[in-house]
Amino acid sequence: MGFAASSSNKPSKQERCSLCGRVFNSAEDLNAHKQLDHGEQSHEPAGVS
Ligand SMILES: [Zn+2]
């Protein structure tokens, strides 16, 4: 019975964007998406000028 799929043994912890509903495999992907697609800044001060 060695017929299992090779890459589906991970506990799928998915992160969903609360703004558009897209689902990502990691919080990092979600954060990157938010910044790129929604222009949302992370908890980092955006350059004090
Ligand atoms: Zn989004």
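Mentor: Directly following H1, Gly 39 adopts a positive phi of about 70°. Helices (H or I, at least four residues) and strands (E, at least two) are DSSP runs, numbered from the N terminus. This is a predicted model, in which local features need pLDDT of at least 70, side-chain atom pairs count only at pLDDT 80 or more, and totals for chains, interfaces and linings use all residues. Residues are numbered from 1 along each chain as its sequence is written.

Trainee: What span does helix H1 reach from its first C-alpha to its last?

Mentor: The expected span of a helix is 1.5 Å times one less than its number of residues. H1 covers residues 27-38, and its 12 residues reach 15 Å, close to the expected 16 Å.

Trainee: Is Glu 40 buried or exposed?

Mentor: A residue is buried if 20 or more other C-beta atoms lie within 10 Å of its own, exposed if 12 or fewer, and partly exposed in between, with C-beta atoms placed from the backbone. Glu 40, in the segment after H1, counts as exposed because it has 12 C-beta neighbours inside 10 Å. As for H1, zero of its 12 residues are buried, so the helix lies largely in the open.

Trainee: Which residues does Arg 16 touch, not counting residues up to four places away in sequence?

Mentor: Two residues are in contact if their C-beta atoms, placed from the backbone, lie within 7 Å. With that exclusion, Arg 16 of strand S1 touches Gly 21 and Val 23.
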